[in-house]
Amino acid sequence: MFHALWNYRSFIAGSVKREFQLKYRNSILGAAWTFLNPLAMIIVYTVIFSQIMRMKLPEVDSTFAYSIYLCAGLLTWGLFAEITTRAQNIFLENANLLKKINFPRLCLPVTVVAGAGLNFAIIFGLFTCFLILSGNFPGWTYLALLPVLAVQIAFAIGLGIVIGVLNVFFRDVGQLFTVVLQFWFWLTPIVYPISILSERVRGMIAFNPMTQLMAAYQTILVTGQWPDWISLWPVTALALLLCSWGMLLFRRSAGEMVDEL
Amino acid sequence: MVAIAVDGLGKAFKHYPTRWARLAEWILPGNRPHHIPKWVLQDINFTIDPGEAVGIVGVNGAGKSTLLKLITGTLQPSTGTVQTHGRLAAMLELGMGFHPDFTGRQNVFMAGQLMGLGIDEIKDLLPEIEKFADIGDYIDQPVRIYSSGMQMRLAFSAATAVRPDTLIIDEAMAVGDAYFQAKCFQRIARFKQQGTTLLLVSHSVGDIVKHCERAILLKNGHVEQDGSSRQVTNRYLDELFGKSPCPEVQGSCQFGCAGTQMLNGDDDVFHTRPGYCVEEHRWGQGGGAILDYLIVAQGEHYPSRIESNAQTDFYFKVRFDNDFSSVVPGFLIKTLEGIFLYGTNSFIANEGRSHLAAEAGNIKVFRFSLPMALNEGHYLISFGISSGDPLTNLEPIERRYDSVMIHVGRTIQFWGLVDLTASFETIEQQRQLNGHTCN
């Protein structure tokens with residue numbers, strides 16, 4: 001399987017490149033939109049929540065603390081959302097290709113991860129520059145982001161493949177997931193700190209697998225401390241479970257999927 | 001070693017009676033199926049040797065494209081197996097999944113990458129692909145503004161830039177112009193010499209006979225016949241134009257006796273005969289009816305393929321309901337596009353010497369006999385019976401325009417429609433020899 005994917009690396013790289021070009025093909029600012037978009041969102045949230053609503057993070061007291069807190073969650077959530085929403089349509093969008101050409105179909109989800117990863121790398125790179133320039137760079141703990149990101153990507157693509165396959169057979173799944181994602185965003189402490197919630201709600205939010213991931217990013221980037229590794233075990237297990245379920249589902253329905261497209 | 005081995009192959013698509021049925025099948029415990037399988041292909045068995053060229057024919061919906069998709073691997077079989085060896089290039093339907101928003105060049109890269117080629121390899125091949133496709137500046141335009149012919153040109157050039165071990169072509173050539181088709185077949189012929197196996201689906205019987213030694217006829221998802229391409233395509237044409245497979249006494253009849261055989265019976269059985277076209281235009285003032293017809297060429301009744309220039313007899317039977325002092329049977333050949341190729345009647349054919357009369361209740365059989373001096377293709381036959389003076393005014397009793405389709409076959413085709421049977425020779429230039437002796 002990995003061998004087949006490796007043979008098609010040129011196709012995967014080409015697809016990512018083409019997708020990137022396609023997205024900004026007829027725009028004047030081009031790739032600048034990759035970060036202009038989230039930048040606008042960050043400004044909106046910062047202004048509304050930090051300035052107007054006078055919300056301060058209880059733990060730290062720095063001018064940029066809330067902005068950094070927000071970026072830590074918002075940018076990584078963006079990666080998660082992009083992978084899952086793209087993956088949910090990946091087979092439908094490429095129906096033409098799947099029906100006419102025989103190639104390893106797993107190239108498609110890999111393309112999604114690579115494409116979303118590229119966008120994330122651009123914007124997160126800029127964010128890192130900002131951290132360094134504003135003197136908020138967390139130092140060595142920055143490296144702790146890598147394993148957390150790996151878990152998150154595995155979680156996202158596992159979920160994405162499951163939804164992508166189901167979406168071929170039941171289009172409702174795609175529609176439903178778009179709605180779910182909206183709720184999910186607000187049920188995850190990204191814009192607000194978890195501390196403003198009551199004990200009871202906090203207990204419930206803890207079951208949200210994204211909560212632990214977001215908490216880890218926020219710990220690393222805002223306070224510069226190592227994340228609570230133990231708390232990440234459940235989501236890691238869930239990610240692996242979803243990945244294997246996704247692969248199983250994909251293997252079993254790959255043939256029927258083309259019949260359905 | 002074989003190039004393609006198809007063993008017990010079958011393909012069924014699942015048909016769910018309601019939207020909920022699939023959900024029930026996925027969710028409910030137990031493996032009770034909630035769908036009805038729609039079998040598109042069943043029990044297909046054949047092997048193809050390396051370097052063999054095989055045509056696949058069959059009417060629309062016979063399962064040709066599904067079979068090719070199974071061999072290519074885009075579809076997975078429901079039963080049985082398909083084995084292929086070596087690199088396989090396939091052109092299934094139009095364009096190889098070209099993306100409409102990208103330029104031709106970008107799409108060539110994508111197509112190449114989909115075949116597992118690296119960027120550098122494609123860069124090396126690109127000039128050759130561009131040259132072969134011959135679409136000029138369009139190579140840098142988005143594919144969505146391409147004509148279907150241009151898409152096909154580019155797709156074929158890209159798919160065959162590297163010689164594949166097996167080449168599969170599904171109907172794709174039909175949209176190319178004659179010049180490009182010839183170029184494609186040249187390339188295919190070269191590949192064949194170098195050992196490429198060819199699998200060709202085409203509705204052009206001529207192409208199949210010309211490029212494949214062997215053909216497979218699919219009918220309702222089964223292999224109906226597997227044999228020499230000429231045999232199989234003849235059978236296919238029979239299927240197309242409705243020749244009943246009942247054992248007829250073929251060729252045993254002496255020249256001319258077929259006509260007397262036809263005299264029996266006075267039912268209108270015209271529309272039951274092979275080659276009959278439902279879209280015929282039947283009209284006239286009445287007073288008689290054309291009941292039946294028969295075509296005989298080279299001793300065969302209702303031949304599915306008439307060799308070009310073969311002497312062919314067209315019989316048709318008329319029942320007269322009134323008395324007529326003069327009747328004139330007529331006959332007309334047209335191309336499918338409606339061009340009149342040749343029309344005649346009893347008066348013209350006999351240079352005015354024939355005079356026919358008919359009484360009410362008479363049944364007569366007429367015969368026009370002529371060589372089919374036509375190029376390969378399908379032609380429409382019209383029969384007619386008129387009354388009156390052939391020179392001044394003919395009143396149509398009944399005409400059945402475009403009522404029969406025939407197929408004329410010719411191995412080496414000429415240009416145009418009608419064979420004027422040119423002969424050719426080289427005349428030695430005697431003068432120059434004489435000149436030498438003079439000096």
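Modeller: Here is the model, which is predicted; I would begin with residues 176–194 of chain A, where the chain is 58% helix and 0% strand and the end C-alpha atoms are 26 Å apart. UniProt, in an unreviewed entry, lists this stretch under "transmembrane region", and residues 139–169 of chain A are also among those listed. Over residues 139–169 of chain A, the chain is 81% helix and 0% strand, with 47 Å between the end C-alpha atoms.

Biologist: How do you know that the length of helix α6 of chain A is close to the expected one?

Modeller: Helix α6 of chain A, residues 107–133, has 27 residues, and the expected span takes 1.5 Å for each residue but one. After α6(A) comes A:G135, whose phi is positive, near 75 degrees.

Biologist: What makes B:I129 and B:R153 part of the contact between α4(B) and α5(B)?

Modeller: Helix α4 (residues 119–133) and helix α5 (residues 148–159) of chain B pack at an angle of about 140 degrees, with their axes 8 Å apart. The contact is made by B:I129, B:F132 and B:A133 of α4(B) with B:R153, B:L154, B:S157 and B:A158 of α5(B), and residues count as being in contact because their C-beta atoms lie within 7 Å.

Biologist: What classes of residue make up the contact of α4(B) with α5(B)?

Modeller: That contact has five nonpolar, one polar and one charged residues; B:R153 of α5(B) is the charged one, because Arg counts as charged.

Note on methods
Residues are numbered from 1 along each chain as its sequence is written. Chains are lettered from A and ligands numbered from 1 in the order in which they are written. This is a predicted model: local features need pLDDT of at least 70, side-chain atom pairs count only at pLDDT 80 or more; totals for chains, interfaces and linings use all residues. UniProt positions are given in the numbering used here, feature names are shortened, and annotations may be inferred rather than shown by experiment. Helices (H or I, at least four residues) and strands (E, at least two) are DSSP runs, numbered from the N terminus. Axes are lines fitted to C-alpha atoms, for helices over the stretch in contact, and angles run from 0 to 180 degrees between N-to-C directions. Two residues are in contact if their C-beta atoms, placed from the backbone, lie within 7 Å.
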